[in-house]
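I opened my notebook to look through one structure piece by piece. Here is what I wrote down as I went.

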Amino acid sequence: MFEIFILPFFYRALIIIILLGFTASYYGVFIVQRKMSFLGSGLAHSAFGGVALGILLSVQPLIIAIPFTLLFAIFISYFQEKSNLSSDTIIGIFFSIAVSLGIIFLSLKENYTTDAFTYLFGSLLSVQLIDVWTSIILTILTTFTFFKYWSRWTYATFDYELAIADKLPVRKDNYILNSLIAITVVVSIKIIGIILISAYIVIPGAIARLLSKTFRQMTILAIIIGVVSGIIGLLISILVDLPSGAVIVLFQSILMISVFIFKREK
Amino acid sequence: MINAIETKDLNFRYGNINALENINLIIPQEKFVSILGPNGSGKSTFLRILAGIIKPNSGKIKVFGQSIDEISSDLIGYVPQIKTLDRNFPAIAIELVLSGLNHRWALNSTNEQKDKANFVLEQLNAISYSKKPLNQLSGGQLQRIYLARCLVREPQLLLLDEPATGIDMICETNLNGIIQNFSKVKRTSILMVTHDWTSAYEHTEDVILLNRKLIYYGDKKNAFSNENLMQTFSHPQHHHHITFGNLSNV
Ligand SMILES: Nc1ncnc2c1ncn2[C@@H]1O[C@H](COP(=O)(O)OP(=O)(O)OP(=O)(O)O)[C@@H](O)[C@H]1O
Ligand SMILES: [Mg+2]
């Protein structure tokens with residue numbers, strides 16, 4: 001059974017899981033601290049609409065899903081800013097719109113079931129070269145924006161009003177953050193699956209939050225946890241032949257609960 | 001000399017609640033001014049406008065002759081009201097002070113910046129908890145850290161929203177002394193919201209009495225007349241609808 005490790009799809013998956021472990025957990029830190037986990041879930045389901053449209057049009061779903069999800073991220077940010085409705089409500093509405101569209105798109109297409117399941121639950125075998133490239137581009141984008149934006153996003157996360165008082169363009173910064181999160185979500189879909197993405201993004205940040213005294217520590221720790229748990233989860237999933245997204249998230253959850261109990265007892 | 005603050009017909013509404021109505025003020029530089037008024041009278045709102053956090057619905061406002069949008073945030077130090085502060089953020093106290101210097105959450109700070117931060121923390125008697133996480137600080141301690149975050153910038157205008165809340169009495173006198181001293185040495189203009197009339201009278205020069213409208217601005221000696229206090233503090237519960245200014249219309 002070890003011959004699996006020399007198959008090219010394994011290396012593609014490994015590269016993606018390392019790069020995504022880095023980017024997803026990095027953004028997850030902001031998501032955790034800003035209490036917007038639901039955004040991750042909302043964006044993943046928005047991506048479902050995009051993926052479905054891609055399947056319907058018989059083009060590479062990722063190519064449709066990225067702009068589609070970005071559009072939803074922008075809508076969500078816009079309505080959060082302009083209306084008195086709570087974030088939950090706004091995300092919930094867009095979530096449903098995207099899922100409804102997705103279901104309609106898929107039902108218009110014949111023989112859609114197999115493909116759609118891949119996206120809902122994730123599948124290693126579906127990973128293609130284009131997925132590797134998009135995660136490389138996402139990682140470069142993330143590293144590039146890190147130096148300029150970490151300190152600004154962090155400041156606005158700490159205290160939105162003080163950031164405004166210090167003349168940071170917090171709205172623009174939020175659009176950028178939400179857009180990068182949207183891309184991360186889409187790129188994670190094939191491996192993790194739409195249903196589990198939100199947990200995958202958030203758990204490393206949540207574990208790091210339990211263990212960190214400063215936000216800098218939290219960021220570094222979340223990235224390490226994200227990468228390492230991704231690799232371990234991937235290997236376990238291959239060895240026991242179970243869906244990798246589910247195994248990775250389950251592994252992360254066990255880690256989280258252990259840390260929580262450990263902290264309690266101390 | 002340019003005035004520290006000038007406002008003309010300043011209005012601010014939250015939805016359909018008038019928080020500030022036709023505020024006309026001219027405050028010269030280097031004054032230590034206290035702002036008094038009942039709960040919900042628009043004190044915090046006024047400071048938040050000056051800090052550039054919210055924009056007035058109408059009217060003009062200038063700080064050191066410049067509009068709020070164009071003025072450098074280096075010149076202004078703002079300490080928010082404590083009930084609005086969040087302790088849930090993973091940070092140690094000194095990081096908060098350093099954010100005052102960096103105007104963002106710096107990944108790294110220079111030794112020079114750290115020395116500066118420590119110096120201010122020492123002055124405020126807060127050095128002993130400079131490495132403590134925010135969620136382990138008492139309300140009063142946290143307030144000091146926010147004050148340090150402000151003072152480390154050496155701003156020209158200090159906006160303090162109830163800086164003495166939660167700070168014990170001995171320390172409070174001490175704190176007012178420090179602020180007063182700072183204003184003298186650095187020639188800072190200060191606006192301080194407080195509910196403590198005694199300390200307003202003892203430490204500040206001028207007084208603003210606010211109840212949605214400006215009731216009084218001027219020397220503290222003439223501030224506390226019966227008429228002024230009546231206008232300011234009557235009907236604190238009904239400030240949405242009634243102030244003495246428009247009773248005749250009711
Ligand atoms: N974020 C907000 N949204 C809606 N209304 C607000 C908001 N903040 C304040 N208000 C309203 O504006 C008015 C002025 O509030 P403000 O906080 O400026 O009062 P304050 O004088 O600082 O009171 P306190 O002494 O309690 O701090 C109040 O009627 C309040 O209900
Ligand atoms: Mg107030």
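This is a predicted model: local features need pLDDT of at least 70, side-chain atom pairs count only at pLDDT 80 or more; totals for chains, interfaces and linings use all residues.

Which strands of chain B does helix α7 lie across? I looked it up: α7, residues 226-233 of chain B, lies across β3, β9 and β10 of chain B. I also noted its angle, which is about 40° to β9(B).

**Entry: the six-stranded sheet**

Next I wanted the sheet that those strands belong to. I found an open sheet of six strands in chain B, in the order β6-β7-β8-β3-β9-β10, and its pairing is mixed. At the edges I marked β6 (76-79) and β10 (213-219) of chain B, since each of them pairs on one side only.

Helix α4 of chain B, residues 139-151, does, and it touches β6 and β7 (157-161) of chain B. The direction of α4 makes about 175° with that of β6(B).

I picked one strand pair to look at in detail. Strand β3 (residues 32-36) and strand β9 (residues 206-211), both of chain B, run parallel and are joined by four bridges. One residue I followed across was Ile35(B), whose bridge partner in β9(B) is Ile208(B).

**Entry: the four-stranded sheet**

How is the pairing in the open sheet β2-β1-β4-β5 of chain B, parallel or antiparallel? I read it off: the four strands pair antiparallel. The edge strands are β2 (17-27) and β5 (66-67) of chain B, each with pairing on one side only.

I took β1 and β4 of chain B first. Strand β1 covers residues 5-14, strand β4 covers residues 58-63, and five bridges join them. Lys8(B) has Lys60(B) as its bridge partner in β4(B), and Ile5(B) stands opposite Val63(B) in β4(B).

Helix α1(B) packs on this sheet, where it touches β1, β2 and β4 of chain B. I wrote down about 120° between the direction of α1(B) and that of β1(B).

On to β1(B) and β2(B). Seven bridges join these two antiparallel strands, and Phe12(B) has Leu20(B) as its bridge partner in β2(B). The two strands make a hairpin with two residues between them. In the turn I spotted Gly15(B), which has a positive phi of about 60°.

**Entry: around ligand 1**

Last stop was the ligand. I counted 16 residues around ligand 1, and the ones that come nearest are Gly40(B), Lys43(B), Ser44(B), Thr45(B) and Gln81(B). By class, I listed three nonpolar, ten polar and three charged residues in this shell. Which helix gives the most to the shell? It's helix α1 (residues 43-50) of chain B, with three residues.

I then checked some distances to backbone atoms. A polar backbone atom of Gly40(B) is 2.8 Å from an oxygen atom of ligand 1. For Ser41(B), a polar backbone atom is 3.1 Å from a ligand 1 oxygen. Gly42(B) has a backbone N or O atom 3.1 Å from an oxygen atom of ligand 1. Ligand 1 has 630 Å² of accessible area on its own, and the protein covers 69% of that.

Note on methods
Residues are numbered from 1 along each chain as its sequence is written. Chains are lettered from A and ligands numbered from 1 in the order in which they are written. Side-chain values use heavy atoms; hydrogens and water are left out. A residue is near a molecule or strand if one of its heavy atoms lies within 4 Å of it. A polar contact is a pair of N or O atoms within 3.5 Å; within protein, one must be able to donate a hydrogen and the other to accept it, and residues adjacent in sequence count only if both atoms are side-chain atoms. Accessible areas come from the Shrake-Rupley method with a 1.4 Å probe; for residues, only the protein chains shown count as cover. Ala, Val, Leu, Ile, Met, Phe, Trp, Tyr, Cys and Pro count as nonpolar, Asp, Glu, Lys and Arg as charged, and the others, Gly among them, as polar. Two strands pair if DSSP finds at least two bridges between them. Contact means heavy atoms within 4.5 Å. Axes are lines fitted to C-alpha atoms, for helices over the stretch in contact, and angles run from 0 to 180 degrees between N-to-C directions.
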